[in-house]
Amino acid sequence: MALTYDDGPIPGRTDAVLAALDRAGVPATFFTVGYLVRSYPDIVRRTVDSGHVVANHTYRHEILTYLSNSGIVSTIDRADAALRATGVNPARLVRPPGGNTNSRVKSAIEGAGYRQVMWTWGPLDYKPISAWTISSGIINHAKDGAVFVLHDGSGNYRNTAAAVDRIVSTLHARGYCFGVLDNQGNIVPSGSGAPAEPEVDQCAPPTQTAPDSAGVGVVDTARGFWYLRDPLNVRTTGFYYGNPGDYPFMGDWDGDGVDTPGLYRRSDGYVYLRNSNTSGIADVAFLFGNPGDLPVPGDFNGDGFDTVSLYRPDETRFYIINQLGSGGAGLGAADYEVSFGSPGDQPIAGDFDGDGVDTVGIYRSSSGLVSFAASPATSFFYGSANDYALMGAYEGGAKDTIGVYRENGTMFYLRSSNTSGAADHEFSYGKRGFIPIVGYFGDLHGTSMPPQSDVCEFPVAES
Ligand SMILES: [Ca+2]
Ligand SMILES: [Ca+2]
Ligand SMILES: [Ca+2]
């Protein structure tokens, strides 16, 4: 579900709502009025820095059905410019003031490159009604996909703010989660919403040193949507890359120290690599192996560039390849081959000894066997049946260690040494059906998300 707030920013009023959302740990979407944005840019920046999304409620709260088409476009564009002037990247969403719209207004909004967003229900909280009445109304109208309209800009803001706690605690207990609206008007987790444009730097929150240990992510392969979080779960980002069904992995294809997406598309046999953690098209594409081969990313010659080797399950053989294909041509010949594992094993790769060179191994999820072919040849048990293995330097340093993702519970269990034992880091992230990934993501440019933010499983938005 999404909480949305209209008619701000106004000092005191918007601040009260932001404080209540922060206490409750949920994100919201604010439809702001352009001339107020000009007056109170700090509130807008603070709103975005707190993990919320800001969008467009026209420049002077005009009734759009009274305006000409050019007047509609003008007030929307002025409001958008006011938001951008604060340094944030607003969602390209317009909520018509008062909900006054018609097919002409909607067409004008869409013609200007925005999407019109209405709501499923609102408690009329701008009238002098109590926090109990506001919260009860929302609780009674809760359903998956609901978009509630509230008002941070009204004189009844105290009750609007006071209603947040009961709304969130009651609906969390009933299994609902709260998200923000993305550029399509879909409800998405905070941090994966609107800012998806290439010049996202302009809305980057204050510089923060990138953690030097590996982060994890999950990929919703049904939508081609990637969710990345840093090791502290402080900073997150999300973006679309690939088609439904693509097999995702991560690597540093351009040697800049940051891992970015790769995909294996079984339908055409190609690998598609991207060099940034943003939505966009592939930077490198090439034909990959034979049907049934599994991609194994890693830096197998220690030159600082990851390449995509392959594991051929029916031969239980790795083909190590230290160059990427390019221009749609196939991969080159293998630099060397390693026979290892048994049919059904998951191929893994990592720098198990910290010498800068990745080597291969297997994870046998039926028994939890982890086995490295070399450097050093090692076997131990970790995880349990049906776990998915991920190698990463979860506490920094040069050595990659074992981690597993367990779909039941969407749990990551990360170990800081290559030995049997209890997980050193365990947490839930993702959703059933998502594929886990691991990598050094650098300083994530997505919206920051407070650690206490909405952490329950998030429903997939209908598109
Ligand atoms: Ca890179
Ligand atoms: Ca390499
Ligand atoms: Ca090594």
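**Exercise 1.** How many bridges join β25 to β26, and do these strands run parallel or antiparallel?

Solution. The model is predicted, so that local features need pLDDT of at least 70 and side-chain atom pairs count only at pLDDT 80 or more, while totals for chains, interfaces and linings use all residues. Residues are numbered from 1 along each chain as its sequence is written, and chains are lettered from A and ligands numbered from 1 in the order in which they are written. Strands (E, at least two residues) and helices (H or I, at least four) are DSSP runs, numbered from the N terminus, and two strands pair if DSSP finds at least two bridges between them. Between β25 and β26 there are 4 bridges, and the two strands run antiparallel. Glycine 403 has leucine 414, in β26, as its bridge partner.

**Exercise 2.** Is threonine 410 buried or partly exposed?

Solution. A residue is buried if 20 or more other C-beta atoms, placed from the backbone, lie within 10 Å of its own, exposed if 12 or fewer, and partly exposed in between. Threonine 410, in the loop between β25 (401-406) and β26 (411-414), is partly exposed because it has 18 C-beta neighbours inside 10 Å. Its phi is positive, about 45 degrees, although threonine 410 is not a glycine.
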